[in-house]
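Here's a quick briefing for anyone opening this model for the first time. Have a look at the chains below, then read on for the main points.

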There are 2 protein chains.
Amino acid sequence: MTEPLPPGATIGILGGGQLGRMLAVAAAELGLKCHIFCPDPASPAFDVSAARTIAGYDDRDALEAFVRSVDAVTYEFENVDLAAAELIAAAKPLRPGAKALEVSQDRLTEKQFLAGKNIPVGRFLAFDPFEPDDKTLDLLFERLGDPVVMKTRRFGYDGKGQAILKNDGSGAETLSAFAGQDVIFEAFVPFTREVSIMAVRGVGGEAATYDVTENVHTDHILATSTVPADIDPETANEARRIAGDILDGLDYVGVLGIEFFVVGDHDSESLLVNEIAPRVHNSGHWTQDGCAVSQFENHIRAVAGWPLGTTDRHADMVMTNLIGQDAADWQALCADPQARLHLYGKAEIRPGRKMGHVNRITRQT
Amino acid sequence: MTEPLPPGATIGILGGGQLGRMLAVAAAELGLKCHIFCPDPASPAFDVSAARTIAGYDDRDALEAFVRSVDAVTYEFENVDLAAAELIAAAKPLRPGAKALEVSQDRLTEKQFLAGKNIPVGRFLAFDPFEPDDKTLDLLFERLGDPVVMKTRRFGYDGKGQAILKNDGSGAETLSAFAGQDVIFEAFVPFTREVSIMAVRGVGGEAATYDVTENVHTDHILATSTVPADIDPETANEARRIAGDILDGLDYVGVLGIEFFVVGDHDSESLLVNEIAPRVHNSGHWTQDGCAVSQFENHIRAVAGWPLGTTDRHADMVMTNLIGQDAADWQALCADPQARLHLYGKAEIRPGRKMGHVNRITRQT
């Protein structure tokens, strides 16, 4: 099916968090309906959707009814069960497709995919099966240096499922805490900065990228995204080339987020891909107020088979996440004429919870 | 109640058309929920609202349940029944208040209110009771000139409920077609152009205006709005002053649209208020893509008792309505990098029906 969905068609979205919510709003601006599928009855995306299903992702009856009710399906998170993805894709366009899920939901598969495309990634090592013995740590430090970053292969986010192995005698205990889990070991990258790029590809293979964004994480959670990133133009071009290779390699449809480490200083910068996310991405939220067409609208356009919108940027921007109690400052933030406040409608403030974000224009370009 | 509604609060909206829909989207961006009350099961605003009531505006039980479920109430159309408005206002903040409805839903009351504030309006005449006889036409032409514009006092829009009386012998027949209706007679205004202004006032009385917009109507329906309007700066200042007087005179909370006739040429321009709309207004749709804070967000901010957002404009704009079959061009419009497409999600294209609009930036300012 390569015909565009007509206005009034319904896009199904797996996941009802803030990303699903902002996708649903973008769809509404284009006259498209959304049906949100999420197990959480308090999903913020339900508040802006034409239809809602509250059910588990393993509930085949609910999934089948959902798929019948929609014209295409997308998702706001990469851990969609592959069996569910296949069930959906057999009946309706699933965009991005199952391959993007398969590759991105396992850190090892993802790294192997990237390395196989000659895309630069940090050194990594995995064992199958993983049966650590007395020599494992020595091998890891020998191959990957000191320290080593240990990550679960699946379901990690915002620093969860990660630990640092140091060659100071503490490694064995850290290792044992991950016993029985599939893990990947990565060389610690002494990065100068973290950057990311949002890329989008349409059903016909046409692609575009937003400008590279510089990201600062606090306690493993994204704190700010600043655009433009303080990198050389050639480095930015390299990021765009890598994005194009990944999009084509996955035969991708929709918006893809790619996080990079920048290694070295300006004259000798290089990029390593840290991870990819087959969805709209927190570090692309600045596009809502810095571009005519946001990452959310472009994702919806791609999923609907519509022409992509411009990714041109009309301002320098800083996006600041509102984490937990940050959101309690909403009155001051909405009184600040420089701040564009976005709140996610989550009922309860919890520590570490993403409650909203603020986009600030630092310069019209 | 002058405390601001907290994020997560629910705003009730009477009316589920495109204005309610765009208000609901603006509320969602601020973390506020909407409950839409509308008799039409196919209301486009239902697709982006947390709660929906399908019931007539005269259904007291439904209205009472609706009012209990929300924290404040607003509306997308001025013909809200005054009994319903009073029922609502007795229980929850109704913003704008009942006075704005009372004044604006009757053209005679509105003209009298404006004239009473020394705000310039065209000459008008009404009879109570209206019992036309042989001398009525002569009196009308003598007092108001030739031709005379006859309008129903209530429920007119987009040229409906209007007729032109000419002093050529055809007047009696036209007059008889409106027999039994409450009508107002207005002098025909030989205007140079039509302009409008969107003004907003908060719960504390603070007010702001967007830039004056120039409007072109085709077949009595708004076709395009262009900002800035081609008027003298002093004329624009006069529009702002009039807006401030109307807002204060109505003790208004929310966005108000004011339509003017511009009479005379640049050196001798003057303004006459044509009509006011106690709501967001079609001629303010350009603010979605020309301002950091749109008329929709500012209306929601005011209704929620939040600080108003900036009304600064960052671009020259042209808004073009998509009427009826115009919307069939959606594929070309969404492929045009200069066009920002907004579709209302209406199921069926009908002649004269507002299906969406396109905002085009003509110059960044």
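This is a predicted model: local features need pLDDT of at least 70, side-chain atom pairs count only at pLDDT 80 or more; totals for chains, interfaces and linings use all residues.

Residues are numbered from 1 along each chain as its sequence is written, while chains are lettered from A and ligands numbered from 1 in the order in which they are written. Helices (H or I, at least four residues) and strands (E, at least two) are DSSP runs, numbered from the N terminus.

**Confidence and domains**

- Chain A has a mean pLDDT of 95, with 100% of its residues at 70 or more; pLDDT is the predictor's confidence in each residue, from 0 to 100.
- For the complex, the predictor gives an ipTM of 0.94 and a pTM of 0.96.
- Chain A is split into domain 1 (10-94), domain 2 (123-187) and domain 3 (193-364), with bounds that come from an automatic or database domain assignment.
- Between the C-alpha centres of domain 2 and domain 3 of chain A there are 30 Å.

**Helix H5 of chain A**

- H5(A) runs over residues 107-116, and its buried residues are Arg107(A), Glu110(A), Lys111(A), Phe113(A) and Leu114(A). A residue is buried if 20 or more other C-beta atoms lie within 10 Å of its own, exposed if 12 or fewer, and partly exposed in between, with C-beta atoms placed from the backbone.
- Two residues are in contact if their C-beta atoms, placed from the backbone, lie within 7 Å.

**Helix H8 of chain B**

- H8(B) (residues 233-249) has 17 residues and reaches 24 Å from first C-alpha to last, close to the 24 Å expected at 1.5 Å a residue. That expected span is 1.5 Å times one less than the number of residues.
- Ala239(B), Ile242(B), Ala243(B), Ile246(B) and Leu247(B) are buried in H8(B).
- The buried residues of H8(B) line one face of the helix, because they fall within an arc of 135° seen down its axis.
- Their cover includes strands S9 (193-201), S10 (207-209), S13 (254-263) and S14 (270-277) of chain B.
- Over on the other side, Pro233(B), Glu234(B) and Asn237(B) are exposed.
- Just after H8(B) comes Asp251(B), with a positive phi of about 45°.

**Where the chains meet**

- The contact takes 31 residues from chain B and 31 residues from chain A.
- On the chain B side, helix H1 (18-29), helix H11 (330-335), strand S16 (339-343) and strand S17 (354-364) each supply at least two residues.
- Gly31(A) sits in the loop between helix H1 (18-29) and strand S2 (33-37) of chain A.
- Why does Gly31(A) count as buried? Gly31(A) has 23 other C-beta atoms within 10 Å.
- Leaving out residues up to four places away in sequence, Gly31(A) touches residues including Pro7(A), Leu343(B) and Tyr344(B).

Key. The arc is that of the directions from the helix axis to the C-beta atoms.
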